[in-house]
Amino acid sequence: MQFFSHRKHEWVLRWRVSGYTGSMHPSDPLNLTLENHHPAAFACLTEVGKRMYFPMGIPAQAVEAKAAPINATIGQLTDGLGKAMPLQAIANGIRGTSPNDATLYAPQGGRRDLREAWKARLDASGTGPKSLPFCTVGLTHGLSLLADLFVDGATDVLLPDPGWGNYRHIFETKNGGRMHRYPVFKDGVFCADAMETALKTVETTGVVVLNFPGNPTGYTPTRAEIKPWLDAIRRSEKPIVVICDDAYAGFVYDQDCLQTSPFHALCDADPHRVLAVKVDGATKELSFFGGRVGFVTFAVDGPATEALEHKIKGLARANVSTAPAISQAVVLAALRDPDLDRQQSELLALCQQRYEALRSSVQSASLQCLPFNSGFFLLLPVGGDPHALRKRLLDRGMGIVALPQYSAIRIAFSSTRTEDIPVLIKAIAEEINR
Ligand SMILES: Cc1ncc(COP(=O)(O)O)c(C=O)c1O
């Protein structure tokens, strides 16, 4: 049958050119199965349907490490023994939510009181024009809506390298954008000219993703380091959308690095050149991972604000419709809790303690890691096969994530007890040096 159009082959070619090293596209076996076992389903697949597959990334490795006594795989905050560490304000919100707030529909785009409360948080970190934050079902949903608004086959998408694997799935597999990776580091330090160089690849329009603190790097630049990036963005010759993925906002352990999102510095960019957008939410910031409350905020004012609100609301209406009311009520209750700041500081102090334990353990073991100063992770380049190292550590009851594309492993100190960190690092050093 002739259902594999030459467009599909073009797609595979592009996938390979953009760095995929497998001999076939990950969707090929699925398409073949459908072609053989359900020809009608196969024949009706759209282009995105043909490209789609479930990436076996970090969640799959986390499942394998589920029983490991030390599990540093997944980017969520736990007590290090697999138990959640909810902020009391969130726990109180869960207990106190009324049946009305929990069971009736929330308005499209989110509760206005919640959106206003989130905006007040953003205004406290930086002035400049901002739309009312649009409530999404977690940050991934926000990124996906932005992909639907701004990315198709003619869009150049600039992604951090190293960067979160799901970006590629959202912007390339789903929306068919042209991926370009820009280096966050060069020779082990922040790469000052990365953005200027990367922006030259934008042919018509572009989307740039900034992610600080970064996943998987755990890095946030200093004000001086980010300056050439922001200058290059402001001067962009082609119209671009700059998405600041601030999933790990606030988890910064070094006074020298940026304490707030680069979004705030881009709010006044020339609207002929740049639209800055902030994607953030309660997932990590309020340790409410299962709550699925995210926000999208555009750096706009005037009539464009309402036009963009209409567009994003229309898109959300066409996929999840309104976000869950119960989670929105819980986040709102937490934001109104006068003790929230103190509770967040306490959580931050715990993360700082783990971070410092990791820094000193890595130093004592003389391991050469990439710079890290924030967020939930450390990225450690390893000679040899990171998956083989991961398996050996699993045999010793320790879970980490292998990232073969970076010849590195990722250690999530967010889910590791302070006292386990030296044990884990010692084992990693032994396995690397054996
Ligand atoms: C950089 C980054 N952005 C976005 C997300 C997605 O957040 P959410 O779980 O709210 O969809 C994650 C989750 O790990 C992340 O690491």
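Q: In this predicted model, which residue of β14 is the bridge partner of Leu378?
A: The bridge partner of Leu378 in β14 is Ile411.

Q: What makes strand β11 and β14 a pair?
A: Two strands pair if at least two bridges are found between them. Strand β11 (residues 377-381) and β14 are joined over 5 bridges, in the antiparallel sense, and therefore they count as paired.

Q: How do you know that strand β13 pairs with β14?
A: The requirement is at least two bridges. Strand β13 (residues 401-403) is joined to β14 by 3 bridges, and the two run antiparallel; Val401 stands opposite Arg410. β13 and β14 form a hairpin with 4 residues between them. In the turn, Ser407 has a positive phi of about 45°.

Q: Why is strand β14 called largely enclosed?
A: A residue is buried if 20 or more other C-beta atoms lie within 10 Å of its own. In strand β14 (residues 408-412), 5 of the 5 residues are buried, so the strand is largely enclosed by the rest of the structure. Ala408, Arg410 and Ala412 point one way, Ile409 and Ile411 point the other way, and all are buried.

Q: Which helix gives the largest share of the shell around the ligand?
A: Helix α9 (residues 138-150) does, with 3 residues. Among the residues around the ligand are Gly138, Leu139 and Thr140.

Q: How many residues of each class does the shell around the ligand have?
A: The shell has 3 nonpolar, 8 polar and 1 charged residues. Gly counts as polar, and the residues around the ligand include Gly75, Gly281 and Gly294.

Key:
Residues are numbered from 1 along each chain as its sequence is written. This is a predicted model: local features need pLDDT of at least 70, side-chain atom pairs count only at pLDDT 80 or more; totals for chains, interfaces and linings use all residues. A residue is near a molecule or strand if its C-beta atom, placed from the backbone, lies within 6 Å of it. A residue is buried if 20 or more other C-beta atoms lie within 10 Å of its own, exposed if 12 or fewer, and partly exposed in between; C-beta atoms are placed from the backbone.
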